Amino acid sequence: MRAALILVLVAVAIVALPLVAPAYYVTLMLPFMAYGVVLLGLNLLFGYTGLVSFGHALFIGIGAYSGAVLTTRFGMRQMELILLAAALAAAVVAAPVGALCVRYVKIYFGMLTLAFGMVFYTFLLKFYRLTGGDEGMRMLRPYLLGQSWEGFSKTAYLIGPYYYFSVAVLALATLLMWRIVRSPFGLCLRTIRDNPLKAESLGVSVPRFRWYAFMISAVYAAVGGALLATPTGNVDPTLAYWTHSGNIVFMVLLGGFASFFGPLLGAFVFIFLQDTVMSVFPYWRLVFGAVLAVLVIFAPGGLMGLFARRMPAEVSRG
Amino acid sequence: MILEARNVRRLYGAFVALDGVSLSVREGEFVSIIGPNGAGKSTLINVLTGVLAPSGGSVRFKDRDIGGIGAVTLTRLGMARSFQLVQIFPELTVLETLQAAVVSRLGLGSRFFASLAGDGRVQREALEVAALFNLHEKAHTPTRELPQGDKKLLDVASAFALKPEIILLDEPTSGVSTADKHAVMEILVGAAKRMGLRAIIQVEHDMDIVFGYSDRIIALHQGKVLADATPAQIEADAQVMDMVVGRRRGATIPAPHPALSPEGRGRSSKPSPPEGERAG
């Protein structure tokens, strides 16, 4: 009951935000929502299947570049189709990459995903004619619901239609993931996370389910990546760089991978903390490094873990 | 004949772990595999459950070669197992553990968006198994918080939840206090009967359990079958008793447990307390 209340309050706050908050903070919500989608997917792999990917920026990159390529090279500006194309492209790449990676666990899985991320990063950097090299490509303002929103200034577009479009995508992604983790499939993933040997003995095909989880998380990352490209207006290879993969793992840890909403909280705190710290202190990575160290040592459950005792079980233990 | 191993050899490099083992398990049998450490019991279990491929010979389950086919496929064919070292899902509840087995058996694992909580059949079957194993009151307890004996029971219960035709139990009472061993075996044999299992194979060190419940005992020694006979015959064989059991048992021979033997079906499942000396 309390969980539902908190959810409703958060949802109302998100919907009402553009009406009350300064435009600057509203635009900060855009990367939060994009990362929110990415992290929901990443945590299916991390928190529910027990696999830590250090290469998921690869799929953020695929999503972002799908949007940039489609809008600038093909004049295809419908955001709904861009998201679909991003998801499809990610699935096509994730199918073979995942099939290979899920045969390994722990650090080997992490390193292999990292390796694929580096390969893709280099590809973006070197295939200049297709990707624009290190300068990247422009992401033109996409149409939403068939409307071009021509009359809107860039800011008005972002804090108006694009904001609510992002809210809708995040809400849909959350709803679908909520169903996934509560499905028979989700239960199978958790058995694999806890004890692969026992899961196999119960007839759960460990590599196959890990592969499914990998595919779903890749699609989520690409959809989030495509959402992320619009506010920036430009995509470049750093999106796919391994430090970016590290950042999203950090967000999951910050919020807490053991809970369904933890990663969303992590994304929110990360974005706003980064913004605050950067405005007063140029070495924000120093602060974040310290936060990460404190987190791992004193609060391995992340922020959600700290609140867990006072939170209703449904929220804290998704 | 449900399960049959013919002349199975298994080598680890130059070491011969199994040296021409032949055995068969028939409908309704409770078969115990015994032997000192290093006799090849673990290797035999792994070969019989399709985890290891035999280096020579064959293993057939329901007339199908299962050499090295892997746990997942074998589960689907109708064989389940439990482990010597207790294997659980620490973060899952008792009920979720059993649901996982039911989901797997019904092939529902690829239902990405279906509601698990809303699947009446999965819920019902998981609760039924929990009740059979006296775990229903702890259905919502996280597995990691269970006492050791209940963890062991849950490991076995989840294998039963697969509704296998044959089950292979690797030391089902190891780690269970001596006082609880018979209670665990009673639950187990009772559940097997209720669920219509066709055979049970166990590896066990506790000779009271072995002699009290088996229809047949297979004694392994240095990778070979030393004896394959009824408890009474084993008991009468001084050489086997010395080599495998390691001591003489008391003069009285406990009657085998009637639960699974075909002629015993329908009889009272009251345990026949083993009268031999207690295992230390």
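**View 1. Glu91(B) lies in the loop that runs between strand 6 (79-82) and helix 3 of chain B.** Helices (H or I, at least four residues) and strands (E, at least two) are DSSP runs, numbered from the N terminus. This is a predicted model, in which local features need pLDDT of at least 70 and side-chain atom pairs count only at pLDDT 80 or more, while totals for chains, interfaces and linings use all residues. Residues are numbered from 1 along each chain as its sequence is written, and chains are lettered from A and ligands numbered from 1 in the order in which they are written. Glu91(B) counts as partly exposed because it has 17 C-beta neighbours inside 10 Å; a residue is buried if 20 or more other C-beta atoms lie within 10 Å of its own, exposed if 12 or fewer, and partly exposed in between, with C-beta atoms placed from the backbone. Apart from its neighbours within four places in sequence, Glu91(B) is in contact with Arg190(A), Asp194(A) and Pro142(B), where contact means that the C-beta atoms, placed from the backbone, lie within 7 Å. Thr141(B) is 50 residues from Glu91(B) in sequence, and the two are 9.7 Å apart in space, C-alpha to C-alpha.

**View 2. The contact between the chains takes 30 residues from chain B and 21 residues from chain A.** On the side of chain B that touches chain A, the elements giving two or more residues are helix 2 (71-77) and helix 3 (94-106) of chain B, and helix 3 of chain B gives the most, with seven residues. This side of chain B divides into 16 nonpolar, eight polar and six charged residues; Ala, Val, Leu, Ile, Met, Phe, Trp, Tyr, Cys and Pro count as nonpolar, Asp, Glu, Lys and Arg as charged, and the others, Gly among them, as polar.

**View 3. Strand 8 (residues 199-203) of chain B is largely enclosed by the rest of the structure, because five of its five residues are buried.** Ala199(B), Ile201(B) and Val203(B) point one way from strand 8 of chain B, whereas Ile200(B) and Gln202(B) point the other way. Five bridges join strand 8 of chain B to strand 3 (residues 29-34) of chain B, and these two strands run parallel; here the bridge partner of Ser32(B) is Gln202(B). Strand 7 (residues 166-170) of chain B is likewise joined to strand 8 of chain B by five bridges, in a parallel arrangement, with Leu169(B) standing opposite Gln202(B).

**View 4. An open sheet of four strands in chain B has the order 2-1-4-5, with antiparallel pairing.** Two strands pair if DSSP finds at least two bridges between them. The edge strands, each of which pairs on one side only, are strand 2 (15-25) and strand 5 (64-65) of chain B. Strand 4 (residues 56-61) of chain B is joined to strand 5 of chain B by two bridges, and the two run antiparallel; Asp65(B) in strand 5 of chain B is the bridge partner of Arg60(B).

**View 5. Helix 4 (residues 79-101) of chain A and helix 10 (residues 206-232) of chain A have axes that come within 8 Å and cross at roughly 145°.** The axes are lines fitted to C-alpha atoms over the stretch in contact, and angles run from 0 to 180 degrees between N-to-C directions. Among the residues that make this contact are Ala90(A) and Gly98(A) of helix 4 of chain A, and Trp211(A) and Gly225(A) of helix 10 of chain A. The contact residues of the two helices divide into 20 nonpolar, two polar and no charged.

Key
Two residues are in contact if their C-beta atoms, placed from the backbone, lie within 7 Å.
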